[in-house]
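This report looks at charged side-chain pairs and at one helix. Please keep the sequence and the model at hand.

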Amino acid sequence: MNTIVGSHDLLLVTLDTLRYDVAAELAAAGRIPNLARQLSPAGWERRHAPGSFTYASHQAMFAGFLPTPAAPGPHPRLFAARFAGSETTADGTYVHDTPDFVSALAGEGYRTVCVGGVGFFNKQPPLGTVLPGLFQESHWDPSFGVASPTSFESQVTRAEEVVAGLPRERRLFLFVNVSALHQPNWFHLPGATRDAGDSRATHAAALEYVDRHIGRLFAAMSSRRPCFAIVCSDHGTAYGEDGHTGHRLGHEVVWTVPYAQFVLAGPEREAAA
């Protein structure tokens, strides 16, 4: 990350509540082509979330504790606050003296922008201001929230406006919390009803919806220079497994999440190609 920070724009997308098994199945079946195009040949990386619900997981991630590879470690981290005895800080880790890497990037000259989705980013009660408050600029609108069937395309439109309004020489760290996977998501599956509620199938349909629009986000973020992107989930959710529904609980489908990191080529490289 020491060669990335300062030379690339940065994008962090959390597909809030996305389960690893659903993400992996859809990628293998060719149902999310825009996301799959950015994955390694092995597909999504299987990782463990740092928390079982949105607030806890994002507090950890912004402190540098991104989802951890689901295999014995230690696993070097991309970002780490400086502290003695860290076993996951390596030569390639971007080490900072702030408590979160968002403020560290601001200190490096990045414009830090949050486009929120679920309620922890809505800036309405005091709790909803904590995570957006880490950023120099934050956006939330009811059209971005969990109840909107067009939430992600509305978020992408706002992200495009952010990129267009930023001086070309100013580097950008954009964070997008995608609410579409979170309940309620039944309206993303044709024929599903409110009375029947959410299911694993409607969760999958929500991911397909996100995939249809995420290409616009990738295009915007790579329109000025190369962009280092992380796309992951903050936690999964249960749809009746072992009697569990929802998250903020310690079940495999909640702790296991998909993760990907990749570089989006900038305009110069695309022009050369």
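Is Arg46 buried, partly exposed or exposed? Arg46 counts as partly exposed, at 35% relative accessibility. The class covers values between buried (under 20% relative accessible area) and exposed (over 50%), with a 1.4 Å probe and protein chains only.

## Basis of the model

This is a predicted model: local features need pLDDT of at least 70, side-chain atom pairs count only at pLDDT 80 or more, and totals for chains, interfaces and linings use all residues. Residues are numbered from 1 along each chain as its sequence is written, and side-chain values use heavy atoms, with hydrogens and water left out.

Side chains of opposite charge can pair when their charged atoms come close. A search of the whole structure finds 13 salt bridges. The term means a side-chain nitrogen of Lys or Arg within 4 Å of a carboxyl oxygen of Asp or Glu.

One of these joins Arg46 to Glu252, with the closest N and O atoms 2.7 Å apart. Arg46 lies in strand E2 (residues 45-48) and Glu252 in helix H8 (residues 252-255), so the pair ties together parts 206 residues apart in sequence. Helices (H or I, at least four residues) and strands (E, at least two) are DSSP runs, numbered from the N terminus. Glu252 is partly exposed, at 43% relative accessibility.

## Two partners on H7

Glu25 and Arg200 meet through their side chains in a salt bridge of 2.7 Å, N to O. Glu25 sits in helix H1 (residues 20-28) and Arg200 in helix H7 (residues 200-221); the two are 175 residues apart. Both are partly exposed: Glu25 at 41% relative accessibility, Arg200 at 30%.

Arg216 forms a salt bridge with Glu160, the closest N and O atoms being 2.8 Å apart. This pair links H7, which holds Arg216, to helix H6 (residues 151-164), which holds Glu160, across 56 residues. Glu160 is partly exposed at 28%. Arg216 is partly exposed too, at 30%. Elsewhere, salt bridges with shared partners join Arg19, Asp21, Glu25, Arg200 and Glu241 into one network.

What span should H7 have? At 1.5 Å a residue, its 22 residues should span 32 Å. The expected span is 1.5 Å times one less than the number of residues. The end C-alpha atoms of H7 are 31 Å apart, which agrees.

H7 bends by about 40 degrees at His213. The bend is the angle between axes fitted to the seven residues ending there and the seven starting there.
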